[in-house]
Amino acid sequence: MSRHPHLTTLFLGLALLAGCRGPSNPPPEEAISGVDLHYGGRVEFDVDAGALDADLSARLVDESATTLAFLLHGALELAAVEGEYVTGHHVEPAPNIDTWNRIAVELGEGAAGSEIRFRYRGVIPTPESRINQISPDWVELSVDTAWHPIVESFDRTLTYDLELGLPAGWTVVSPGTAVAIEDGYRMQTGIDMIDIPFAAAPNLEEASGKRETVFHRGASTETTDAILDAAAYCRAYLDERFGSDRPLPDVAFALPDRPESGYARKTFIALTSVDPDDRVGLTRFLCHELSHYWSTGAAPFTVDNWLNEGFAVFVAAQACRRRYGDESWDKTLADWERRSEGQGTIWTPNDLSRRPYEINYKKGPLALSRLEQRIGMETMDRIVTRYMTDPVDDTPTLLELIEAESDAESRAWFVSVLAESESASAD
Ligand SMILES: [Zn+2]
């Protein structure tokens with residue numbers, strides 16, 4: 001269950017189960033408010049050549065910028081960028097990511113509601129991790145390879161309704177639905193995503209729970225049962241706390257044949273190296289990933305990413321405390337303390353830089369556990385629920401929430417905890 005060290009760790013997520021169950025009428029498109037882009041079009045795959053050929057449109061739902069920069073893998077040859085409001089485009093190497101290109105698209109006034117059409121093709125080299133690949137028996141793509149144009153700032157949400165030209169008889173797994181059509185598959189979601197992730201393969205087996213499905217090839221029943229059991233527990237726990245207005249949709253798990261590099265996108269989770277005997281670890285991992293269905297609003301490349309991760313880690317530990325008792329909680333707390341040693345500040349008004357892993361995943365939840373100790377479980381539960389459901393997307397808003405639910409002293413105290421640059425311990 002180790003995680004890919006690259007961009008995947010920044011994004012979370014997952015989706016409705018997306019098994020293809022033969023031709024059927026695609027479900028009606030679900031309207032979503034507040035989403036920035038809607039992708040449509042078709043991507044043709046040549047799985048023997050490892051190639052794709054895309055004709056994609058990104059509809060600008062409500063965009064006022066006159067230049068919008070997208071990233072796309074540099075191995076993909078861009079054939080055209082067109083649109084009623086597209087007045088030009090410029091391609092250069094992406095400044096921060098080797099092997100990717102940056103496409104700056106110039107837009108005329110009033111482009112909101114219009115589309116940018118991208119046509120591109122090529123072969124994306126399979127990385128050593130095999131986390132992204134196009135091969136005759138497995139296709140799996142996500143933001144890690146920039147297989148579709150993605151807004152450079154990574155702060156736009158998107159929905160999609162795409163056709164995939166893949167061989168007949170495959171199963172497509174993604175955050176949403178996927179159904180077979182005459183010449184491929186139609187994959188769509190109304191869930192607000194940050195990229196378009198999916199896995200697809202022939203001869204996938206399914207193990208289904210009530211609201212979860214594990215797609216695999218030859219995994220043991222012990223393994224799929226352990227996943228379904230942990231996921232069902234996490235769903236019940238999280239929905240009870242956060243799901244009254246927006247309950248967790250159905251969830252699809254894919255078990256790729258590779259040693260590591262799992263990741264999650266809201267209702268779609270790719271799992272590797274599952275140890276069915278490590279029930280606590282599996283529950284912690286799945287509750288963390290599923291809690292990102294709500295804990296996802298802070299901009300991932302900023303200091304506020306500590307909210308996305310810190311709350312997901314904290315809530316997953318609470319879920320394990322409920323299921324496995326104080327011993328698991330104490331162990332987790334000790335791990336957070338050990339891994340926080342020597343780390344810098346979590347957040348200060350003067351340093352809004354993105355923090356490293358240990359701070360977001362260890363020191364952040366440790367700070368939340370200290371807040372819980374100070375203000376009590378009941379008050380903390382109200383804060384966590386409001387953080388998840390309001391939602392709260394930056395640290396100043398969280399501080400206001402803490403003051404509203406407790407008092408100004410606790411807010412000031414928490415500000416000082418976030419600003420501690422030495423090791424922290426529960427107090
Ligand atoms: Zn996470």
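Where is the place of Ser273? Ser273 sits in the loop between strand S20 (268-270) and H2, where helices (H or I, at least four residues) and strands (E, at least two) are DSSP runs, numbered from the N terminus.

Before I go on, a word about the model. This is a predicted model, in which local features need pLDDT of at least 70 and side-chain atom pairs count only at pLDDT 80 or more, while totals for chains, interfaces and linings use all residues. Residues are numbered from 1 along each chain as its sequence is written, and side-chain values use heavy atoms, with hydrogens and water left out.

Back to Ser273, which has a positive phi of about 50° although it is not a glycine. Ser273 is partly exposed, with a relative accessible area of 43%; buried means under 20% relative accessible area, exposed over 50%, and partly exposed in between (1.4 Å probe, protein chains only). Ala146 is another non-glycine residue with a positive phi, in this case about 45°, and it lies in the loop between strand S9 (138-141) and strand S10 (150-151). Ala146 is buried, with a relative accessible area of 1%. As background, most residues other than glycine have a negative phi, and most peptide bonds are trans. With that in mind, please look at Asp390 and Pro391, which are joined by a cis peptide bond with omega at about -15°, and note that Pro391 is found in the loop between helix H6 (377-389) and helix H7 (395-405).

Let me turn to the metal. Which residues coordinate the zinc ion? They are His288 (NE2), His292 (NE2) and Glu309 (OE), at 2.0 to 2.1 Å, where donors are N, O and S atoms within 2.8 Å of the metal (3.2 Å for Na, K and Ca), and water is not among the atoms, so sites may look incomplete. Along the chain, the donors of the zinc ion follow the spacing H-x3-H-x16-E. His292 lies in the loop between helix H2 (279-291) and helix H3 (305-324) and Glu309 in helix H3, so the pair ties together parts that are 17 residues apart in sequence. Both His292 and Glu309 are buried.

Finally, I would like to point to Gly376, which is in the loop between helix H5 (357-375) and H6 and is partly exposed, with a relative accessible area of 26%. Gly376 and Val61 are 315 residues apart in sequence, and from C-alpha to C-alpha they are 43 Å apart in space.
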